[in-house]
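Here is my note on the model you sent. The points run from the whole chain down to single side chains.

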Amino acid sequence: MLAGVVCSACSSALTVLIDLLDGEWLLQPIASANCPAALPLLCHVRYVPGLSVERTGEEHIVRLLCTPDSVLGTTAYIITRSGLDALLEEHRRCGYSPGDAIPNVMARLFPKSRFAAFPMPFHRAANIKSLVNAQLDNLRAILFLPVFYTSWERLLVGSGQNTNVLFPSLVGSFVIVALGSVGELVSSITAASRGEEINLLLPMMSAIFAIPSLAVCFYGLSLAPKPQSSMPTRSEAATSEMKQ
């Protein structure tokens, strides 16, 4: 189930992406001969490691620069002929591996050839349960709210920084604010107990914001999958199965 974001910018982004997908002329104005577009994405998850977003010549189209750990999901996308050929060739080369989901394969095969509409026109609804990753449902119920994913999207596009930089910076800022807020709150309560007139509203509000945000970050880290670099490749898994 997708949650549509109804706004003029999203409509423009979707229109531009559809207009560029005209036969074999697939995103050529912003792709290159060495890196043709393979997967224009209509909806994807950006809370993943190793992802950075690069602006293109089109205002509403961005390039997604990925690592093998940038598993963006397969909720809504368009695959080009070259992308489909690459997937079929990978299947012929390595065969089927039950531990290697298609989003992981796409992350490996298309590190620089995935594009997306900006702003993202569709997003998975926060209240839809997962059939394969039920342990992430509670976290997704928070992170898939429009106020969160639109803010994160703007931060990624606006800064141009990798999520491996942005996420630790965000966690570090929450730690600093949380520690400072708790310390200020304790000092204020101590001063108030001595009869001093102290305004507790500001330190309380800071602590109420920072501590739950920090808890969400650490909860997400505890559920994060293992890096792809620490897992066997498809060819390695196939070789292992043949030996057995």
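1. How much accessible surface does the protein chain have, and what share belongs to carbon and sulfur atoms? The accessible surface comes to about 13800 Å². Of this, 63% belongs to carbon and sulfur atoms. Areas come from the Shrake-Rupley method with a 1.4 Å probe, and for residues only the protein chains shown count as cover.

2. A word on the basis. This is a predicted model, in which local features need pLDDT of at least 70, side-chain atom pairs count only at pLDDT 80 or more, and totals for chains, interfaces and linings use all residues. Residues are numbered from 1 along each chain as its sequence is written, and side-chain values use heavy atoms, with hydrogens and water left out.

3. The overall make-up. The protein chain has eight helices and nine strands. These are DSSP runs numbered from the N terminus: helices are H or I with at least four residues, strands are E with at least two. Of the 244 residues, 37% are buried. Buried means under 20% relative accessible area, exposed means over 50%, and partly exposed lies in between (1.4 Å probe, protein chains only). Take contacts between residues at least 6 apart in sequence: 72% of them join residues at least 24 apart. A contact here means heavy atoms within 4.5 Å.

4. Five strands form an open sheet in the order 5-6-8-4-7, with mixed pairing. Strand 5 (52–55) and strand 7 (76–77) are its edge strands, each pairing on one side only. Two strands pair if DSSP finds at least two bridges between them. Strand 6 (residues 61–65) and strand 8 (residues 114–117) run antiparallel and are joined by four bridges. In general, strands of a sheet pair through backbone hydrogen bonds, either parallel or antiparallel.

5. The structure holds five salt bridges. The criterion is a side-chain nitrogen of Lys or Arg within 4 Å of a carboxyl oxygen of Asp or Glu. R46 forms one with E153, the closest N and O atoms being 3.0 Å apart. This pair links distant parts of the chain: R46 lies in the loop between strand 4 (39–43) and strand 5, E153 in helix 5, 107 residues apart. Are the two partners buried or exposed? R46 counts as buried, at 4% relative accessibility. E153 also counts as buried, at 4%.

6. R92 and E89 meet in a salt bridge (3.1 Å, N to O). They sit three residues apart in helix 2 (residues 81–94), so about one helical turn separates them. R92 is exposed at 59% relative accessibility, while E89 is partly exposed at 41%. R108 forms a salt bridge with E90, with the closest N and O atoms 3.6 Å apart. Here R108 belongs to helix 3 (residues 102–109) and E90 to helix 2, 18 residues apart. E90 is buried at 7%, and R108 is partly exposed at 27%. E90, R93 and R108 are linked in a network of salt bridges.

7. A surface patch. I142, L145, V147 and F148 form a nonpolar patch, with about 330 Å² of accessible area together. Patches are made of residues with over 30% relative accessible area and no salt bridge; like charges are joined within 9 Å, nonpolar side chains (Val, Leu, Ile, Met, Phe, Trp, Tyr) within 5 Å. F148 is found in helix 5 (residues 146–159). F148 is partly exposed, at 41% relative accessible area.
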